[in-house]
Amino acid sequence: MESTVGKTISCKAAISWDATKPMTIETIEVAPPKAGEVRMKVSATGICRSDEFYRSGQEDRHPYPCILGHEGSGIVESVGDGVTSVAPGDHVISVFIPHCRKCKMCQNSKSNMCTENSSSRLIGLMPDGTSRFTCKGQTVHHTLSCSMFSEYTVICEINVAKIDKEAPLDKVCLLGCGVSTGYGAPLNNAKVEEGSTCAIWGIGAVGLAVIMGCKVAKASRIIAVDINPAKEKIAREFGATDFVNPKSLDTSTVQHLVAITDGGLDYTFECIGNVQTMREALESCHKGWGLSTVLGISNPKDDIKIMPFQLVTGRTWQGSLFGGWKGRDSVPGLVKEYMSGAIKLDEFISHKLSLDRINEGFDLMLSGKSVRSVIIM
Ligand SMILES: NC(=O)c1ccc[n+]([C@@H]2O[C@H](COP(=O)([O-])OP(=O)(O)OC[C@H]3O[C@@H](n4cnc5c(N)ncnc54)[C@H](O)[C@@H]3O)[C@@H](O)[C@H]2O)c1
Ligand SMILES: [Zn+2]
Ligand SMILES: [Zn+2]
């Protein structure tokens, strides 16, 4: 086959034109990578709830048209000048939070929120202020520095983790976001202790992965909270000891949880993105030490409310992005954990779809019928 290195590649991608229309599959042109960038042939990409956040225009600073998808795996096709950590042929996973290893955040062990390229990323462009994608003569924007709903994408070197070539790319893509996020929050951010009680609001892929992390941390009780009764079975398969459906309670969720846990939980996790359930998760914590971690992404226009006395009496509120992992150093190890059987991935995948069925994948997520749909390129 003729080499594509240094040339523009034509391929298929799902374009999001605006919040009101379904995505359409189009032929796009993908320019070669510039300095510090990598062009990759995408293998597989999970559909995450955060994709809907961008698709539906809730992040109103993010421009259309754009290519979504940030939970992807693939193979490096070519690299730009100065790229040293990956080479053509390497297998990689996209990490939506960069990991430059140099900025103030990267150098501090307390955070994974690398600030490199943050201004260009917010407006859907590469660090030089331009895009590598065009469609019908029009510029198409990148999303979360990833844009994995495309057969080829260009991504910064600091947004790719090099992984074991033996790892199945159609499974480990989930480590690019949802599973790593949920699994890391109880281990890295909350630091759940053996014998503690935990509750998780929202049993999507993120919430299930939190359950998986709480189980690894040897929590004694893991309570899954979801309004979709169909989530009970899978929550228990992942290690939940209890399932609470707020819709079938006579009391409030908080009153119920506090009653069944002798005064409240040691650790709670919000994995929905709803400011009401964020409040419930904090109020369900035990006074004196309960710690609530917010993972859900809410509408930026929403505020959270709480009676300050809840905090004064010793409950703590925190958030977690990408489970606290520093992507390039941690994701290869998570792949190894999966390969050794220490963590699940296959069980998260409810649907495998081709790129032309992408809108169906979003419908499945929004109707609660999927756990994770993976788009196979
Ligand atoms: N912090 C991060 O780094 C990060 C990373 C990935 C995803 N997220 C966010 O995490 C959240 C979960 O993502 P996901 O992909 O697992 O979503 P999902 O849509 O697959 O799952 C959400 C679950 O919440 C349940 N739910 C909805 N409203 C509820 C309510 N009022 N009470 C109880 N349960 C309710 C749904 O039935 C569903 O099972 C989203 O907000 C997403 O944007 C955050
Ligand atoms: Zn995500
Ligand atoms: Zn950094």
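Is Glu26 buried or exposed? Glu26 has a relative accessible area of 14% and is buried (buried means under 20% relative accessible area, exposed over 50%, partly exposed in between, with a 1.4 Å probe and protein chains only).

This is a predicted model, in which local features need pLDDT of at least 70 and side-chain atom pairs count only at pLDDT 80 or more, while totals for chains, interfaces and linings use all residues. Residues are numbered from 1 along each chain as its sequence is written, chains are lettered from A and ligands numbered from 1 in the order in which they are written, and side-chain values use heavy atoms, with hydrogens and water left out.

**View 1. The salt bridge between Lys136 and Glu26.**
The closest N and O atoms of Lys136 and Glu26 are 3.2 Å apart (a salt bridge is a side-chain nitrogen of Lys or Arg within 4 Å of a carboxyl oxygen of Asp or Glu). Lys136 lies in the loop between β6 (133-135) and β7 (138-140) and Glu26 in strand β2 (residues 24-30), so the pair ties together parts 110 residues apart in sequence. Helices (H or I, at least four residues) and strands (E, at least two) are DSSP runs, numbered from the N terminus. Lys136 is exposed, at a relative accessible area of 65%, whereas Glu26 is buried.

**View 2. Further salt bridges of the structure, which holds 19.**
Arg61 and Glu59 meet through their side chains at 2.9 Å, N to O. Glu59 is buried, with a relative accessible area of 8%. Elsewhere, Lys34, Glu37, Asp128 and Arg132 are linked in a network of salt bridges.

**View 3. The zinc ion (ligand 2) and its donors.**
Cys48 (SG), His70 (NE2) and Cys177 (SG) coordinate the zinc ion (ligand 2) at 2.0 to 2.3 Å. Donors are N, O and S atoms within 2.8 Å of the metal (3.2 Å for Na, K and Ca); water is not among the atoms, so sites may look incomplete. The spacing of the donor residues in sequence is C-x21-H-x106-C. His70, in the loop between α1 (49-55) and β4 (72-79), and Cys177, in the loop between α4 (169-172) and α5 (178-189), link distant parts of the chain, 107 residues apart. His70 is buried at a relative accessible area of 1%, and Cys177 counts as buried at 5% relative accessibility.

**View 4. The zinc ion (ligand 3) with its cysteine donors.**
The SG atoms of Cys100, Cys103, Cys106 and Cys114 coordinate the zinc ion (ligand 3) at 2.3 to 2.4 Å. Along the chain these donors follow the spacing C-x2-C-x2-C-x7-C. The arrangement is tetrahedral because the 4 donor atoms subtend angles of 105 to 115 degrees (four donors count as tetrahedral if all angles lie between 85 and 135 degrees). The ideal angle for four tetrahedral donors at a metal is 109.5 degrees. Cys106 and Cys114 are buried.

Asp329 and Arg101 meet in a salt bridge between their side chains (2.8 Å, N to O). Asp329 lies in helix α11 and Arg101 in the loop between β5 and α2 (104-107), so the pair ties together parts 228 residues apart in sequence. Arg101 is partly exposed, with a relative accessible area of 39%. Just after α11, Gly341 takes a positive phi of about 85 degrees.

**View 5. Lys231 in helix α7 (residues 231-238).**
Lys231 is buried yet has no salt bridge. The nearest side chain of opposite charge, Asp226, is 5.0 Å away (Lys and Arg count as positive and Asp and Glu as negative; His and the chain ends are not counted). Leaving aside neighbours within four places in sequence, Lys231 is in contact with Ile203, Gly204, Asp226, Phe243, Gly368 and Ser370 (contact means heavy atoms within 4.5 Å).

Conventions: Tetrahedral: all angles 85-135°; square planar, octahedral: opposite > 155°, others 65-115°.
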